[in-house]
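Hi,

Here is the structure I promised to pass on. Have a look at it first, and then read on for what turned up.

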Amino acid sequence: MPICTPAPTPATRTRTKPEVMADVGCRNTVFDGCAQTAARHLVGWREVGVADFRLEFVHEDAAGVREVVTAFRAFRAGSLSVTGLERRLAAASAPTLLRARA
């Protein structure tokens with residue numbers, strides 16, 4: 001499943017039906033039919049003080065989750081650029097939704 005970056009319009013991609021899932025806090029989240037990432041915004045968020053974010057996984061296997069987490073850890077440690085992160089996420093093809101909190 002390709003990462004949708006930037007978010008294409010419905011007219012420019014084939015979409016699967018979005019899923020609505022409740023998390024452990026019973027908050028409903030709508031997941032689009034393709035993987036999403038906000039990796040390109042991480043440097044800017046860091047510059048304005050956003051230090052925490054979460055990764056959400058919907059249907060990934062353990063290997064896919066490990067690859068994504070490893071890539072984000074490398075980015076946070078400074079050993080991987082945003083471009084490198086985006087490449088690794090695309091290679092992993094693991095749907096993630098990145099949300100930031102200040």
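A definition before the helices: an axis here is a line fitted to C-alpha atoms, for helices over the stretch in contact, and angles run from 0 to 180 degrees between N-to-C directions. Helices (H or I, at least four residues) and strands (E, at least two) are DSSP runs, numbered from the N terminus.

Please keep in mind that this is a predicted model: local features need pLDDT of at least 70, side-chain atom pairs count only at pLDDT 80 or more, and totals for chains, interfaces and linings use all residues. Residues are numbered from 1 along each chain as its sequence is written, and side-chain values use heavy atoms, with hydrogens and water left out.

**The overall layout**

The protein chain has three helices and four strands, and along the sequence they come in the pattern β-β-α-β-α-α-β. Of its 102 residues, 28% are buried (buried means under 20% relative accessible area, exposed over 50%, partly exposed in between, with a 1.4 Å probe and protein chains only). Now for contacts, meaning heavy atoms within 4.5 Å: among those between residues at least 6 apart in sequence, 65% join residues at least 24 apart.

**The helix pair**

Helix α2 covers residues 62-77 and helix α3 covers residues 82-92; they pack at an angle of about 180°, with axes 10 Å apart. Angles under 35 degrees count as roughly parallel, over 145 as roughly antiparallel, 65 to 115 as roughly perpendicular and the rest as oblique. α2 and α3 are therefore roughly antiparallel to each other. On the α2 side, the contact is made by E67, V68, T70, A71, F72, A74 and F75, and on the α3 side by V82, L85, R88, L89 and A92. Sorted by class, that contact has nine nonpolar, one polar and two charged residues (Ala, Val, Leu, Ile, Met, Phe, Trp, Tyr, Cys and Pro count as nonpolar, Asp, Glu, Lys and Arg as charged, and the others, Gly among them, as polar).

R87 also lies in helix α3, and with a relative accessible area of 62% it is exposed. Its C-alpha atom is separated by 9.6 Å from that of A71, 16 residues apart along the chain.

**The core**

A nonpolar core is a set of buried Ala, Val, Leu, Ile, Met, Phe, Trp, Tyr and Cys residues joined through side-chain atoms within 4.5 Å. The largest one has 11 residues: A39, L42, V68, A71, F72, A74, F75, L80, V82, L85 and L89. α2 and α3 are the elements that give two or more residues to this core, and α2 gives the most, with five.

V43 lies in helix α1 (residues 42-47) and is partly exposed, at 37% relative accessible area. Not counting residues up to four places away in sequence, V43 touches F75 and V82.

R76 sits in helix α2 and is partly exposed, with a relative accessible area of 44%. Beyond its neighbours within four places in sequence, R76 is in contact with R46, A51 and F53. R76 and V43 are 33 residues apart in sequence and 9.9 Å apart in space, C-alpha to C-alpha.

For aromatic pairs, rings of Phe, Tyr and Trp (its six-membered ring) pair if their centres lie within 6.5 Å; planes under 30 degrees apart count as stacked, over 60 as edge-to-face and the rest as tilted. By this rule the count comes to one pair. F53 and F72 form it, and it is tilted, at 5.6 Å centre to centre and 50° between the planes. The pair links distant parts of the chain, with F53 in strand β3 (residues 52-56) and F72 in helix α2, 19 residues apart. F53 counts as partly exposed, at 22% relative accessibility, whereas F72 counts as buried, at 3%.

**One last spot**

M21 is found in strand β1 (residues 19-22) and is partly exposed, with a relative accessible area of 29%. The C-alpha atoms of M21 and V58 are separated by 8.9 Å, and the two residues are 37 residues apart along the chain.

Cheers
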